[in-house]
Amino acid sequence: MIVGAGPSGLTIAQTIASEGGDVLILEEHPEVGVPQHCTGKVSVNAVKELELEAAGVLARVSGAIFYPPSLKPLTIARGATQALILDRRIFDQSLATKAVDAGATLVTDTRVKRFSVKPDGVTVFFERKGKKGKVKARLVAGADGAASATARLAGIYSKKRSEVRISIQREVSGVQVVQSMVELYFGRRWAPGFFAWIVPTGRDTARVGLALRPNAPAPAAKYLDDFVENHPIAREKLGGGRILTESRHIIPTGGVLHRAVSDGVLVVGDAAGQVKSTTGGGLYYGMACAKIAGRTIVEALRGSPEAVLREKTLRSYEKEWRAQFGGEIAFSVRFRAFLDSLSDSEVDYLFNVIQRDASLIRRIEVDGDIDRQSKVGVTLLRYVKYVIKKPGLMFKLRKVFPRPNLT
Ligand SMILES: Cc1cc2nc3c(=O)[nH]c(=O)nc-3n(C[C@H](O)[C@H](O)[C@H](O)COP(=O)(O)OP(=O)(O)OC[C@H]3O[C@@H](n4cnc5c(N)ncnc54)[C@H](O)[C@@H]3O)c2cc1C
């Protein structure tokens, strides 16, 4: 049984159902993919690797423009399309159709409240339209997002995993934004503890949002209003725009659960912290880990009912996803900690260092990989370490990356 019909849960469901397994997905919302809180950026590489049908493509982007507090832009671009911007309602619903076509059962409007693991299986208690019910399962896969109840109920929620950023995003129309680029804006006034973004979704439409550390002095909506109305670059692009929708959500930034499996339970996607702390991106990691989880479950279901419930049986999922993504996510957590430690003038200093060296920018463009940021991240930090003239900044870098090779 799967808790949550997001991309991770639906990918597990499809993987199991297409191998002939019996799968039930319970989703708390009445409609899959709604409400939308996500910017929907997914790399072209991820789409290929995961063999996804790119349903709901709103825009294609080939790079990013970074605006540091000094406002001097840094453009990192490639000729070809690097990423797609998706309508998550359409994308998630296409995943749901595939899972159901493969034989999975999807029940919406149903919230999982708790479960109990017994030697003969897991009993899952849910609430549907005000009525309580229960269902018996051989195991539970928690794909219930950043605020996962499954991880808490299984006793594997960790303090690090609870570290989050608070995000707000608006869909706007009547704006003039660069069509093929995402734009990221840095500065403590605009988005302390993260950044603000403008992402094109159509000819005159965009997603505008930001995220903040939870103890920021004002609510996220105030920061977003300030950004839209007063940021010297952004206000020129967004002025006169109309707000179509607004959403708020949390982004896990503290890294992964110490354990993503326990007796009768495994946890996947945002629920497990399988997210890049640098940007909050979690679609690729979540779906890639969900495929691993699905294969592990298929294998586990071939064993005896007692064996399925043992944590040991699910360990190959734990081993494989950590081998593939654990290092990348850990790097992103450190990189975020380094960014968080910087003052605006230090951010400007670092951007200046990069902007002065055209060959470095070229290397970032060539080596940059949205899904595996550590390669270009280490290149960048090594370069910065070599040219840094500020002892305070060097101290901050060494504090987060104590090893000489900065890994
Ligand atoms: C503002 C913002 C922008 C983002 N932009 C990007 C981006 O551009 N690219 C990217 O890769 N990632 C992005 N992300 C992250 C991305 O949205 C997540 O990583 C992704 O949605 C995780 O998928 P998931 O299936 O693990 O969880 P979710 O998509 O959160 O799905 C979890 C599902 O579980 C359901 N659920 C929760 N609890 C229960 C319960 N008790 N019972 C039943 N159902 C339940 C929820 O309703 C939901 O449908 C962004 C996140 C935010 C907040």
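User: Why is R188 called partly exposed in this predicted model?

Analyst: R188 has 13 other C-beta atoms within 10 Å. A residue counts as exposed at 12 or fewer and as buried at 20 or more, so with its 13, R188 falls in between and is classed as partly exposed.

User: Where in the chain is R188 placed?

Analyst: R188 sits in the loop that joins β14 (181–185) to β15 (196–200). Its C-alpha atom is 9.5 Å from that of L212, a residue 24 residues apart from R188 along the chain.

User: What makes the ligand lie between two domains?

Analyst: Residues of the shell around the ligand come both from domain 1 (2–40 + 87–161 + 254–325) and from domain 2 (164–252), so the ligand lies between them. Among the elements that each supply at least two shell residues are α1 (7–17), β13 (164–173), β17 (242–252) and α7 (283–301). The shell holds 38 residues, of which G4, G6, G145, G269 and G282 come nearest to the ligand. By class, 14 are nonpolar, 18 polar and 6 charged.

User: Which residues is A13 in contact with, leaving aside its neighbours within four places in sequence?

Analyst: A13 is in contact with I2, V23, I25, A99 and A104.

Conventions. Residues numbered from 1 in each chain as written. Predicted model: local features only at pLDDT ≥ 70, side-chain atom pairs only at ≥ 80, totals over all residues. Near = placed C-beta within 6 Å. Helix = DSSP H or I, 4+ residues; strand = E, 2+ residues; numbered from the N terminus. Nonpolar A, V, L, I, M, F, W, Y, C, P; charged D, E, K, R; others polar. Domains from an automatic or database assignment. Contact = placed C-beta atoms within 7 Å.
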